[in-house]
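Biologist: Hi! Could you walk me through this one? I'm new to it.

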Amino acid sequence: MNRRILISGASIAGPTLAYWLARYGFTPTVVERAPRLREGGNGVDVRGQAVEVAERMGIMPRIRAAAADVTGLSFVDAANRSVARIDMRAIQRRAASAEVEIMRGDLAAILYEATRDVEYVFGDSIRAIEQDEDGVTVGFEHGPTRRFDLVIGADGTHSTVRHLTFGPEAQFVKHLGYYFAFAEADPALGEQRWVTLYNRPGRAASIYRSGTHAGAKANFIFRSRPIPYDHRDVEQQKRLLSEAFAGLPWLVPDLLAGALADPDFYFDALSQVRMASWSSGRVALAGDAAHCASPAAGAGATLSLVGAYRLAGELSSAAGDHRIAFRRYEQGYRTTVERSQSNLFIGMIAPKSRRGIWARNTMARLPLLATMAGVERRLQPRIRPLPDYGSATGSLRA
């Protein structure tokens, strides 16, 4: 029952969901607005239960091979002198962590390669969803209308599926008081294997240099009340970023010039998605579309991997009965999501005041910081074991 499932979005949650649905004998189709698989993006973490999901998919060796290999954070002054450092690798060793940081585009490519037997439709998007007792009729921007049993929105914070099914974005997206942007940067500007970060109160600019990539990423974050803007108007977004960082010293002028010239420039509000329910009838949401924790939580990729695995597993366990599966998916996963949404690190990256910057730098210089962080990780509430939904029946290659 309910074998034909349309998934909107081909980043992390979408392909992961497609993989497991196909393994369980369903027939997923993935539609993606972009004309091709999206490359680039910032660094994301695969940690906790997400590591186990990736191991069950057989892709964890590829994820480790593509790891960004970044040591930690280096805070600098306007003259580019390091004033404090946080060695994240040391923290991970003390916590015996198996987590891996990988560039979002690299993770998406690995997931796509693992689902090459799934039908992908690039360069199109959903424009209409009509449910009835027997299925869902879906209209597309370019392709012909098609019929599916279920529709899953894995299309990000600005989800079209959520808008069409649940209502306007403003009902569910909570602004956290900051905006951020990232783009390509000249690697000569940064220190290899470090994130080099410069602050002014309420603003941060940084350069991210992976140890396994030739390029680098510029990252920006600034504090602001909600700004009315079009999330698809890139030129407007570039103007907003330019205004926020005009006149700042350090390497900001060079990083800003490179970002404004990057065709893959990305800008958005730092936001969370909070919803009373992640499903309505035959339509459900996964990943950021359902519960974006924001980049400040550092949990987006992990939540997407685990949530997609659980959603597919519940559909399999319920023999495709979406009424049972969607309820179990949400009941079993909401607590984990809400815990992640409460763990934000904006204050460490972009303190609001000069005193806050000084306090952050002072704490970062303390030799016990890494030990304290490792202990804190060990004391986190124990998460229930990752469910095992039984044997798979599909034939996807891992």
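Modeller: Happy to, and we can start with the whole chain and then look at some parts. This is a predicted model, where local features need pLDDT of at least 70 and side-chain atom pairs count only at pLDDT 80 or more, while totals for chains, interfaces and linings use all residues. Residues are numbered from 1 along each chain as its sequence is written, and side-chain values use heavy atoms, with hydrogens and water left out.

Biologist: Thanks! How many helices and strands are there in the protein chain?

Modeller: The protein chain has 14 helices and 18 strands; these are DSSP runs numbered from the N terminus, helices being H or I with at least four residues and strands E with at least two. Its radius of gyration, taken over C-alpha atoms, is 21 Å, close to the 21 Å that the globule rule (2.2 Å times the number of residues to the power 0.38) gives for 398 residues, so the chain is as compact as a globular protein of that length.

Biologist: And what share of the residues is buried?

Modeller: 54% of the 398 residues count as buried, meaning under 20% relative accessible area, with exposed over 50% and partly exposed in between (1.4 Å probe, protein chains only).

Biologist: Now helix H10: why call it largely enclosed?

Modeller: Because 15 of the 18 residues of H10 are buried, the rest of the structure largely encloses it.

Biologist: What follows H10?

Modeller: Alanine 319 follows H10, with a positive phi near 55°.

Biologist: Switching topic, how do strands S4 and S5 run?

Modeller: S4 (residues 72–76) and S5 (residues 82–87) run antiparallel, joined by 5 bridges; strands pair if DSSP finds at least two bridges between them. Valine 76 has serine 82 in S5 as its bridge partner. The hairpin has 5 residues between the strands, and asparagine 80 takes a positive phi near 70° there.

Biologist: Is arginine 127 buried or partly exposed?

Modeller: Arginine 127 counts as partly exposed, at 47% relative accessibility. It lies in strand S8 (residues 126–131). The C-alpha atoms of arginine 127 and valine 138 are 7.6 Å apart, and the two residues are 11 residues apart along the chain.

Biologist: Last one: what are the dimensions of the C-alpha trace?

Modeller: Along its principal axes, the C-alpha trace of the protein chain spans about 65 × 45 × 35 Å.
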